[in-house]
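Work through the following exercises with the sequence and the 3D structure open beside you. Try each task before reading its solution.

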Amino acid sequence: MPDRGPRSKLGVDANKEADMAKKQIVILGGGTGGTMTANRLRRRFENDAAEIHVVDRDDRHVYQPGLLFVPFGLAHSDEIVRPRRRQLRSGIAFHQRGVESVETDTNRVVLDDGTVLPYDVLVVATGVRLQPEETEGLSGLGWNERVFTFYTPEGAEALRGALDRFDGGRLVVNLVDMPIKCPVAPLEFAFLADWYLRERGVRTRTELVYSTPLDGAFTKPIASQRLGGLLTQKDIELVTEFNAGEVDGVGGVLRAFDGRELDFDLLVTVPLHGGAAYVERSPGLGDVLGFVPADKRTLQTPAKPNVFALGDATDLPTSKAGSVTHFEAEVLTENVARYFDGRDLDTSYDGHANCFIETGFHKALLIDFNYETEPLPGRFGPLPLLRESRLNHMGKLLFQWVYWHALLPGREVPGLGPAMPTAGKRPVPVHAT
Amino acid sequence: MTTATISATSVDRDAEGFLTDPQQWSERLAEEIARENGIEELTERHWLVVRFMRDRYLTTGSAPSIRSLGKESGVPVKELYQLFPKGPAKLAAKIGGIPKPKGCI
Ligand SMILES: Cc1cc2nc3c(=O)[nH]c(=O)nc-3n(C[C@H](O)[C@H](O)[C@H](O)COP(=O)(O)OP(=O)(O)OC[C@H]3O[C@@H](n4cnc5c(N)ncnc54)[C@H](O)[C@@H]3O)c2cc1C
């Protein structure tokens, strides 16, 4: 058993009783969702009402939106990484360990050193696992030489070197298949690459290609149209319904399952995503890709009523994004309290997501949507929606500060809540795309 | 929505040719839709995939993605593309008489 903190001065029996009544909350993953949830729960419950444990395999909390800027020398990977422990309020136990398995029938988590953590409530927040090895040849020869991903700090750093040396040729951006976290990130990468190569004077010698398994630039029709328009404006070739099946990292060929080929000098890929590996070792917890099914409004899992999930780890039909995770954390915290009280759960999570989309030249776009409403033009507070502006770019840059100082500590951010605002939005008839 | 007459029965289909009512489906219909889409003959392997998609839709209300299909049906993704060259999930859904699979977000 882990250390349970200082004992009170009461007699041993009273202590035992207090411990029995003390709820055990175990949170798997100390990233965006795990950290926010732990801090919110810690504020919600007195120290003697609940013990909170967070498990993560390492002590490096990455501000992932910052990874986008690393390849262009606009951020250094050191600047976007902080110790996980330091983001957790006092009174939260941190276990730096891998999760081996979850046993939902006995309410226990087993860690990779054999430690057993019993729980009254479990929160799954272990995000996704990148799986380049699932695509033939992708992580083979040429990986981190001609073939890169910016989805990890190491990959983003390696790509920075390659872009710095890049002297023209074919640069292909590819996302292998959905779902991926931050589905706009590869598009943003293409926009920024266009800007970066123009600044460096090599854009005229470069063919920039954006290839996607989707039938347009993005998943939702109106946003897809606008973003597709931006690709055209920036002279970036869009290749759709391209399901990457094989990579020749030496010859520089990306092959689709249907036989189409894209030659490249530099390939920037977003590999397949799956859930954490322990999910597969935990009977009844996840689906075949390792994602954890959860109720789309309450975040309770069908696995068992005392198991909740949030963030990228879930199978919910909304974006895998930090903003989503943040809105979910609010509802989830409320529902853990209601579960302990035996009350009906809060059903207010509506799929709300918002994302800044960097478009280069110090501008960005903002999209805001939920399960039912696709991204619409209009305004979100002072920020224009679905339209390029410098203000949005400032918003995106400012966000890192907000992340470390308001979102992770679990402070309320005015104007940012789990339900999508409708004021300021203009409904647009859906054009066929 | 349009009403088309296939195999001498009339069925309702959306603009892209997906049945709007899975109950109107039959095996003969499946064969005709396959031919319309360039698959002359449905082999055992085709049927395995089509039935898997259809069963999954009827029991859970949604059809699997290509990746889940590859993992769960026992037919590897590469082979899925050989069987249904124009996009296995979409085509198998169309042939299986269920709505177009929703993409991810
Ligand atoms: C390049 C990039 C750009 C992005 N840009 C944006 C953006 O602009 N806006 C936005 O909203 N979102 C953005 N995101 C997405 C956002 O970062 C994620 O959606 C968010 O971090 C999800 O939080 P999470 O808690 O679900 O997962 P994470 O924050 O990834 O945390 C999961 C944690 O679980 C731990 N873990 C996993 N498996 C185990 C195990 N077996 N044992 C122990 N620990 C384990 C991991 O170490 C990790 O710390 C971006 C992501 C990337 C990669």
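**Exercise 1.** Find how the axes of helix α2 and helix α5 of chain B are placed, and which residues make the contact.

Step 1. Two packed helices are described by the angle between their axes and the distance between those axes. Helices (H or I, at least four residues) and strands (E, at least two) are DSSP runs, numbered from the N terminus. Axes are lines fitted to C-alpha atoms, for helices over the stretch in contact, and angles run from 0 to 180 degrees between N-to-C directions.

Step 2. The axes of α2(B), residues 44-60, and α5(B), residues 88-95, come within 9 Å and cross at roughly 80°. The two helices are therefore roughly perpendicular to each other (under 35 degrees counts as roughly parallel, over 145 as roughly antiparallel, 65 to 115 as roughly perpendicular and the rest as oblique).

Step 3. Contact means heavy atoms within 4.5 Å. From α2(B) come Val49(B), Val50(B) and Met53(B), and from α5(B) come Ala89(B), Ala92(B), Ala93(B) and Ile95(B).

Step 4. Sorted by class, this contact has 7 nonpolar, no polar and no charged residues (Ala, Val, Leu, Ile, Met, Phe, Trp, Tyr, Cys and Pro count as nonpolar, Asp, Glu, Lys and Arg as charged, and the others, Gly among them, as polar).

The model is predicted: local features need pLDDT of at least 70, side-chain atom pairs count only at pLDDT 80 or more, and totals for chains, interfaces and linings use all residues. Residues are numbered from 1 along each chain as its sequence is written, chains are lettered from A and ligands numbered from 1 in the order in which they are written, and side-chain values use heavy atoms, with hydrogens and water left out.

**Exercise 2.** Locate Tyr57(B) and list its contacts, leaving aside neighbours within four places in sequence.

Step 1. Tyr57(B) lies in helix α2 of chain B.

Step 2. With those neighbours set aside, Tyr57(B) touches Pro22(B), Ser62(B), Ala63(B), Ile98(B) and Pro99(B).

Step 3. Glu36(B) is 21 residues from Tyr57(B) in sequence, and their C-alpha atoms are 22 Å apart in space.

**Exercise 3.** Describe the contact between chain B and chain A.

Step 1. Chain B contributes 11 residues and chain A 23 residues.

Step 2. The two chains bury about 1,500 Å² between them, 58% of it on carbon and sulfur atoms. Buried area is the accessible area (1.4 Å probe) that two parts lose on being put together, summed over both.

Step 3. There are 3 salt bridges between the chains (a side-chain nitrogen of Lys or Arg within 4 Å of a carboxyl oxygen of Asp or Glu). One of them joins Glu134(A) and Lys71(B), with the closest N and O atoms 3.2 Å apart.

Step 4. On the side of chain B that touches chain A, α3 (66-72) and α4 (77-83) each supply at least two residues. The most comes from α3(B), with 4 residues.

Step 5. By class, that side of chain B has 5 nonpolar, 1 polar and 5 charged residues.
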